[in-house]
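Hi everyone, thanks for having me. I'd like to walk you through one structure today, so please have it open and follow along on your screen.

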Amino acid sequence: MTGIQLTPQDTIERGLALAAAEGADGCVVLVAETSSTNLRWANNTLTTNGAMRGSSVTVIATVGAGEGTAAGIVGRSSVTDDSLREIVSAAIATARAAGPAEDARPLVDGAVGADWDLEPEETSVGVYEKFAPSLGESLKRATDEKRRLYGFANHEVVTLYVGSSTGLRLRQALPRGYVSSTGKNTDLSHSAWVGTATRDFTDVDALALDAELTRRLGWAQRTVPVDAGRHPTILPPAAVADLMTYLFWQLDGRDAFEGRTVFSKAGGGTRLGDTLSSQPVSLHSDPALPGLEAFAFAVARSSGGSSSVFDNGLTLEATDWIRGGKLEHLMTSRHTADLIGAPTATPDIENYVVSVDGATGSTDDLVAGLDNGLLVTCLWYIRMVDPQTLLLTGLTRDGVYLVENGEVTGAVNNFRFNESPVDLLARFTTAGATVPSYSREWGDYFSRTATPPLLVPDFNMSSVSQAN
């Protein structure tokens, strides 16, 4: 079998057999097969398209038992029979050289999933069968109307296989796609952006996206300078996702317990049970959310505050991180849950929904109700300033607009902002209905989100940005 490319199932079975033969006390093997295809366009012309395939293997070998268990982790891509033997040997050697793992727990038991024997799923340019013609029409329309379009579309399917020495055999295929498009006027003095996420592109209308870009560029025919300061500001779902994704990533139970985040309690411990907002706002994850489906079991290629390689294959349950404004859960492994006194492990789930009870209406409805303020379509270059308050800084980009008497009346200059998404949850005054959203800043790799538009009465535009 020297140099032979193995199937995912063969890779796992052979990896586990090699680990047992070399004296490992336990082993987990993860195989991820990725298939992707993309389109790119610039200056109203389709510039490139392509299809790619990739494969990666991670071997987690354990030696010892109980509190003396150590783990060794080695990952590679494009594994053959020869290289698999090397990976397994390296993982076992790493485990034997390591000290006992503090997060050691018995590997997750399990059975063979019903779809275990299936081959990896693939995508192809055929996924754009509906989208591509409407994209071509929108590119032609932009040329006729003397506008310029730039953007890209991407679709991928990741098929993940997990097997362990305890008998666990799991497989799941997850599709994911997105479109990001920027429109500019002829002299490039104004730009606007739109984006959307999808599972299969059957629900993406390039003409509708272009119509929204055209509307936003039309708003920019009038430009108005606005000073920095605190302004009533409408954040559409995309901009809310820009901020809430950062909040979501900070729900690490161990970091909170050790006093390093906004979810740490003064004097020690976590803020679990604390009220973060008087508004009926919730932050929820569920691997089975329709349209936002995520892996239904824990996947960990390394151990950290909220994850553990010993938890691979652990079934994930729907989790309320924030419910009715109260912090209900933090992300934890089995080890971290014990550490912070949580009743059960709540590992990371790769999706989330932000919702406000009773909220209805759209971004346009929020605009119609605002006498004077700003509409910020997206944020970028977001960085953390203070983890204790989750204060973030960043810039506006591709569309900040003036709202007067319930209408958008012009474009304004860009700003640098300083805001905490935790504070925003406590300060927003009006919300719309939750809809699927695509973050400009993070959507390329975290796109399974749904968020509402929000009106913040005093969003902190800390300085004027010279960026156009």
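Find Arg147, and then look across to E5: the bridge partner of Arg147 there is Asn185. Do keep in mind that what we are looking at is a predicted model. Now move along to Gly151, whose bridge partner in E5 is Ser181. Strand E4, residues 147–164, and strand E5, residues 169–185, are joined by 17 bridges and run antiparallel. The two strands make a hairpin with 4 residues between them, and there Gly167 takes a positive phi near 100 degrees.

As an example, take Val31, which has Tyr161 as its bridge partner in E4. And is E4 mostly covered or mostly open? Mostly covered: of its 18 residues, 15 are buried.

Why does Gly72 count as buried? Its relative accessible area is 0%, and buried means under 20%. Gly72 touches Val59, Ile60, Ala61, Ala91, Thr94 and Ala95, leaving aside residues up to four places away in sequence. Arg96 is 24 residues from Gly72 in sequence, and the C-alpha atoms of the two are 7.7 Å apart in space.

Now for the aromatic rings. How many aromatic pairs does a search of the whole structure find? The number is 20. One of them is made by Trp41 and Phe131, with 6.4 Å centre to centre and 50 degrees between the planes, which makes the pair tilted. Trp41 is in strand E1 and Phe131 is in helix H3, so this pair ties together parts that are 90 residues apart in sequence. Both partners are buried: Trp41 has a relative accessible area of 4%, and Phe131 has 1%.

Here is a second pair to set beside that one. The ring centres of Trp249 and Tyr445 are 6.2 Å apart and the planes are at 5 degrees, so this pair is stacked. Trp249 is in helix H5 (residues 237–249), while Tyr445 is in the loop between strand E20 (435–437) and strand E21 (449–451), so the parts tied together here are 196 residues apart in sequence. Are these two buried or exposed? Trp249 is partly exposed at 33% relative accessibility, and Tyr445 is exposed at 53%. Both residues also belong to one aromatic cluster, together with Tyr246, Phe248, Trp321, Tyr352, Trp442 and Phe446.

Rings can have charged neighbours too. Arg383 lies over the face of Tyr381, 4.2 Å from the ring centre. Likewise, the charged end of Arg397 sits over the ring of Trp380, at 4.3 Å from its centre.

One more stop: another sheet. This open sheet has 6 strands in the order E11-E10-E9-E12-E21-E20, and its pairing is mixed. Strand E11 (326–327) and E20 are the edge strands, and each pairs on one side only. Inside the sheet, strand E9 (residues 281–285) pairs with strand E10 (residues 319–323) in the antiparallel sense over 3 bridges. Look there for His284, which stands opposite Asp320 in E10.

To finish, a word from the records. An unreviewed UniProt entry places the feature "domain: Metalloprotease TldD/E C-terminal" at residues 229–462. Over that stretch the chain is 16% helix and 32% strand, and the C-alpha atoms at its ends are 6 Å apart.

Key
Residues are numbered from 1 along each chain as its sequence is written. This is a predicted model: local features need pLDDT of at least 70, side-chain atom pairs count only at pLDDT 80 or more; totals for chains, interfaces and linings use all residues. Side-chain values use heavy atoms; hydrogens and water are left out. Buried means under 20% relative accessible area, exposed over 50%, partly exposed in between (1.4 Å probe, protein chains only). Contact means heavy atoms within 4.5 Å. UniProt positions are given in the numbering used here, feature names are shortened, and annotations may be inferred rather than shown by experiment. Two strands pair if DSSP finds at least two bridges between them. Rings of Phe, Tyr and Trp (its six-membered ring) pair if their centres lie within 6.5 Å; planes under 30 degrees apart count as stacked, over 60 as edge-to-face and the rest as tilted. A charge sits over a ring if NZ of Lys or CZ of Arg is within 6 Å of the ring centre and within 35 degrees of the ring normal.
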